[in-house]
Amino acid sequence: MAEFDLDAYVGRSRALDLSAFAWEDVPRHPVPAAAVRTLRYMQDIESHTIIYLRSLLATRAIDDPEVSTFLACWLYEETFHGIALARFLEAAGHPVGTRAQPRGQEPWTKRLEAATTAMVSRAWEDFCAVHMTWGAINELTTLTGYRRLATVAQHPVLTALLEAIMLDESRHFFFYYRQAEIRLRRPTVARVARLLVDKFWAPVGSGVQPRAELEFMAGYLFSDTDGEAAARKVDDTIRRLPGFARVQLLEAWMNRYVGGRNGYRHN
Ligand SMILES: [Fe+2]
Ligand SMILES: [Fe+2]
């Protein structure tokens, strides 16, 4: 894989240009109810990036100049993804409204998770390897989720918006993946990172949004044949990282929690 050019990324990092989308055309095309529900989930998770970053700032991530520079631009871009998705939902007649649970008041499970992450980071000098791997999985899952949503929702304005967001997500993925590839070259580092991913990985937004919403979205996006293939491709890409051959991620999670039980069927 090519090198990631951090200077070029930083120079190009900018907020999505909200004036580039035909918001007035949004109500002219139907937005499936399942897409609205999925977009609500995605909008909430994009807007949650600042809280996710809060726990990362208590780790070694801030000691690495490349990672901390990237994270500053990453937060900026992700925040605008949340703003843009909220704008779409509003234009479609489904405004986001106030969040029931204020963002800063995370449930104790999430606070415990953040404290544990900080502890692992203090104890393990190669903590960034798992952070970068985790980031690569999350960005690739998000990117794939957006691609699937554009395909199944069939709404021209949403497609244009998601294509713009996907450009950012693919750059994020590239940064994390390249960093992970380099850091996992040392077999002991790869072994610990793999252990942590095996034990703790769950799809983006787990514990932030209710479980039923995550399972609904996963069913909507990944339970038909094309969706299954997309999930498998995510896993196959991560399996190319050193030490991650045969890792069980999205496909296994789908089989376990969504599968035929409440998998969404497209008409
Ligand atoms: Fe995003
Ligand atoms: Fe991203």
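This report describes the metal sites, aromatic contacts and salt bridges of the structure above.

## Basis of the model

The structure is a predicted model, in which local features need pLDDT of at least 70 and side-chain atom pairs count only at pLDDT 80 or more, while totals for chains, interfaces and linings use all residues. Residues are numbered from 1 along each chain as its sequence is written, chains are lettered from A and ligands numbered from 1 in the order in which they are written, and side-chain values use heavy atoms, with hydrogens and water left out.

Donors here are N, O and S atoms within 2.8 Å of the metal (3.2 Å for Na, K and Ca), and because water is not among the atoms, sites may look incomplete.

The iron ion (ligand 2) is coordinated at 2.0 to 2.7 Å by Glu78 (OE), by Glu139 with two OE entries, by Glu169 (OE) and by His172 (ND1), and its donors are spaced E-x60-E-x29-E-x2-H in sequence. Glutamate 78 bridges the iron ion (ligand 2) and the iron ion (ligand 1), which lie 3.8 Å apart. Glutamate 169 and histidine 172 are separated by about one helical turn, because they are 3 residues apart in helix α7, and both glutamate 169 and histidine 172 are buried.

## Aromatic pairs

The count comes to 13 aromatic pairs, under a rule by which rings of Phe, Tyr and Trp (its six-membered ring) pair if their centres lie within 6.5 Å, with planes under 30 degrees apart counted as stacked, over 60 as edge-to-face and the rest as tilted. The rings of phenylalanine 4 and tyrosine 9 have centres 5.7 Å apart and planes at 55°, so this pair is tilted. Phenylalanine 4 is buried, with a relative accessible area of 15%, and tyrosine 9 counts as buried at 1% relative accessibility.

Phenylalanine 175 and tyrosine 176 form an edge-to-face pair, with 5.9 Å from centre to centre and 75° between the planes. Phenylalanine 175 counts as buried at 2% relative accessibility, and tyrosine 176 is buried with a relative accessible area of 1%. Ring pairs link these residues into a cluster made up of Phe4, Tyr9, Phe70, Trp74, Phe174, Phe175 and Tyr176.

## Arginine 37 and arginine 211

The charged end of arginine 37 sits over the ring of phenylalanine 216, 4.0 Å from its centre, and arginine 211 lies over the face of tyrosine 257, at 4.2 Å from the ring centre. A charge sits over a ring if NZ of Lys or CZ of Arg is within 6 Å of the ring centre and within 35 degrees of the ring normal.

Arginine 37 also meets the side chain of glutamate 213 in a salt bridge (3.0 Å, N to O), a salt bridge being a side-chain nitrogen of Lys or Arg within 4 Å of a carboxyl oxygen of Asp or Glu. Glutamate 213 lies in helix α9 (residues 211-222) and arginine 37 in helix α2 (residues 33-47), so the pair ties together parts that are 176 residues apart in sequence. Arginine 37 counts as partly exposed, at 32% relative accessibility.

## Further salt bridges

By this rule the salt bridges number 12. One of them joins aspartate 64 and arginine 183, whose closest N and O atoms are 2.7 Å apart. This pair links distant parts of the chain, since aspartate 64 is in the loop between α3 (49-56) and α4 and arginine 183 is in helix α7, 119 residues apart. Aspartate 64 is buried, with a relative accessible area of 18%, whereas arginine 183 is partly exposed, with a relative accessible area of 22%.

Arginine 178 forms a salt bridge with glutamate 181, the closest N and O atoms being 2.5 Å apart, and both residues are buried. Glu3, Arg178 and Glu181 are linked in a network of salt bridges.

Technical notes: Helices (H or I, at least four residues) and strands (E, at least two) are DSSP runs, numbered from the N terminus. Buried means under 20% relative accessible area, exposed over 50%, partly exposed in between (1.4 Å probe, protein chains only).
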